[in-house]
Amino acid sequence: MLADERTLEALDFATVRARVVAATRTHRGRARAAELAPATDFALVRVEQARTAAIRERVVAHDLHVLPAVETAELTQGAAVGRTLAPSDLRSVGEAISAAAAAHNALREEHDPVLAPLLSGYTPLRDLHRSLTDAIDERGVVLDRASPALGRIRRSLQHAQSDARDRVASIVRGDKYARAIQDNVVTIREGRFVVPIKAEFSGEFPGIVHDTSSSGQTLFIEPLAALEANNRLRTLRLEEEREVLRVLEALSRSVGAQADAIERNVEMLAEIDLLVAKANVARTMDAIAPELSDDAVAHIERGRHPLIAGGVVPQTIPLDGPTQLLVISGPNMGGKTVALKMVGLFIAMTYAGMQVPAAYGTRIGHFTYVIADVGDEQSIVGNASTFSAHLQRMREMLARADARTLVLVDEIGGGTEPGAGAALAIAMLERLLAVGAHGVVTTHATELKLFASGTPGVANASVRFDPQTFRPTYHLDLGAPGQSLAFPLATALGIAPGIVERAQSLLDSRERDYESALAELSQRASELQSERDGLAAERRAAAQERETLARERAAFDAERGGFADRAEEQLTQSLRAFTTELQRRAEAAQAARPRVTPAQSALLAKTAEEMRRALGIKDAAQEAAHDGTFAPNDAVRVRSLRQDASVIEDYGDTVLVAIGPMKTVVKKADLERKSALRRAQGDTRAQGDTRAFRRAPGETSAKVAAAARTMAELDVRGKRYVEAEPVVDRWVDEAMLAGNSPLRLIHGKGTGMLGRGLQEFLRSHPGVKSVRYGNEDEGSGGVTIIELR
């Protein structure tokens, strides 16, 4: 046992456990929750924590919940030994089977290795569930469809009942016995239709008396004329009872035959129910899964006691690293005992597979024994009895203490003469340090505060009070002992100043100096904490502002990207329209093939700029700062043509660029600078081309015409059709601008699907005149030759 009942009671573990019990949905799950206790096997603690975390994820993500189910053990055991179950019991068994199946199916889909062992014992019982729920409804009534014979009997029963009622009703409505009939109604006694007859006329009405009224003035008589119909009705009802009993016996035998499987499924359901209850309680408490450590440590990061309502002040309590024992001091009602209890309660909750209301960074280590001596229940006994009980509990602690023991003592050394109690407490703490135990103790004794300040492995902590109002703030300050505040509190509560002054004079001078130093330290600590809280608030505000700015910037970037995409789309459409118009004009002029001229390039750049102005967008590259000049061989991109180019010469507002073998003049606004590095290999050629361009414009025009007549190639081998089609489409458009035709498209042979698909696309292209496979010397079936219009 990790902790005895007295310790768990002192830590209020039962109250937390009651929340889990209230969150369960099944009878057996509720029983499991009521028996919930901290485990002793740390490996099992790891498993249960992992399962609770996994279930909580599914509760949050998939709204996992458990259907209600009754306790089936007694029912299945009875059916297994031949007892016939009542219809409502059989229906309850069916609903339990259904609830287990629903829970199993909800978790099976996740394939979580943490939960897999929990589901391994499940047995599908679809046929049994169907037979139970088809035969018995939610009210526990055996339905007509439970068996063909039962349905037939009940239909005959309805006819017989109508016949008997009609026969008796005809007698009631008749005039022959009108004087004798008490009320003109047909009623039933002992399952037979009867007529209410006045007692004084009983001898005049032929029939069988079945009952009398409470006053004796009315006899309920079955008419002889309806005797045969009533007998028929009675016979059918007996047949119905026998058939219902036969159905229940058959269903009970089926339940008995599957009793073990049902119990395994319901046991699985109870475990899942308990885990879901833990997860829901954790959500309610805003709890987290603590980190588990093989070391004997307990580090609570901003923990909140789960049983304190309202705005709980988080507390950080470190029992790890250099801190083995923590001594908490300070005035009463400041939260010392709450902090002490919270440490023990968090460990008990963790070892019971529950999550704890704290911040991430909380670590719970491997303890084998937790013992607490809070002593709240000792307040009604005398001082001697209180101290004796305290010593007995301390004896138990010291006897079992080792390196994996956690000791929690409220008011250690109290209940006796302060000096002797403090000395005894120090000796006990030294023993706990020697054996490596961890612990939290509370005290008012100055000797213990000094002991904690000067002993390695022991740390002071204090509960903070407002230095002006002397009200508790419930913050826990680590590293500093607490004041008793006896004199300030006495003054605040109305004790005469003279009495308080006299009490201060009676105090030992060293004690006064110590209290004064503590008061000054407390004041300074309070001021520092206020500053720290202010800085923390400013940091949180700054972080929120950064997050807001980041969200706004992301939204702006997304909006800008959307505008850019729309601009690109409209520019592409404009380019296609320009190409089509260029083609139309070339055909009208009966030119052999179109070619790109500087005027055409300028028109295209102007069109692109107008599109950008219409959208209110500037290209990112256009906004980049540069000196406004280009050097020969600067790598650029012509945005309107969507082509990479190399600068030949800068003319001021325009630039001469080379796009492959073709040269053209474009505006600087239409260029995007790619690199300032020069191509060494092309230096001489580019400069020579520049001189030729300057010397002989006619020669340059001839070179452009020659470039238009040169065959261009595109290799799309290795691509899929969906990847190749847009590439080929753009290539054909650019070839039309450059005046290149014919074109050579290399797609490879393979299965032939890529080539056939691209040829079908090219035949529908408005700029393509003809499409054919290449000749033997052109690449045969692996190449398509394209003639442009």
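Mentor: Axes are lines fitted to C-alpha atoms, for helices over the stretch in contact, with angles running from 0 to 180 degrees between N-to-C directions. This is a predicted model, in which local features need pLDDT of at least 70 and side-chain atom pairs pLDDT 80 or more, while totals for chains, interfaces and linings use all residues. Residues are numbered from 1 along each chain as its sequence is written, and side-chain values use heavy atoms, leaving out hydrogens and water.

Trainee: What describes the packing of helix H6 and helix H10?

Mentor: The axes of H6 (residues 87-108) and H10 (residues 227-257) come within 11 Å and cross at roughly 35°. Helices are DSSP runs of H or I with at least four residues, and strands are runs of E with at least two.

Trainee: Which residues of H6 meet H10?

Mentor: With contact meaning heavy atoms within 4.5 Å, Pro87, Leu90 and Val93 in H6 meet Leu248, Leu251, Ser252 and Val255 in H10.

Trainee: What makes S5 and S7 edge strands?

Mentor: Two strands pair if DSSP finds at least two bridges between them. S5 (291-292) and S7 (315-319) each pair on one side only, in an open sheet ordered S5-S9-S6-S7. Strand S6 (residues 298-303) and S7 pair in the antiparallel sense over 4 bridges.

Trainee: Why does the length of H12 agree with its residue count?

Mentor: The expected span is 1.5 Å times one less than the number of residues. The 16 residues of H12 should therefore span 22 Å, and its end C-alpha atoms are 24 Å apart, which agrees.

Trainee: Why is H12 called mostly covered?

Mentor: Buried means under 20% relative accessible area, exposed over 50%, and partly exposed in between, with a 1.4 Å probe and protein chains only. In H12, 14 of its 16 residues are buried.
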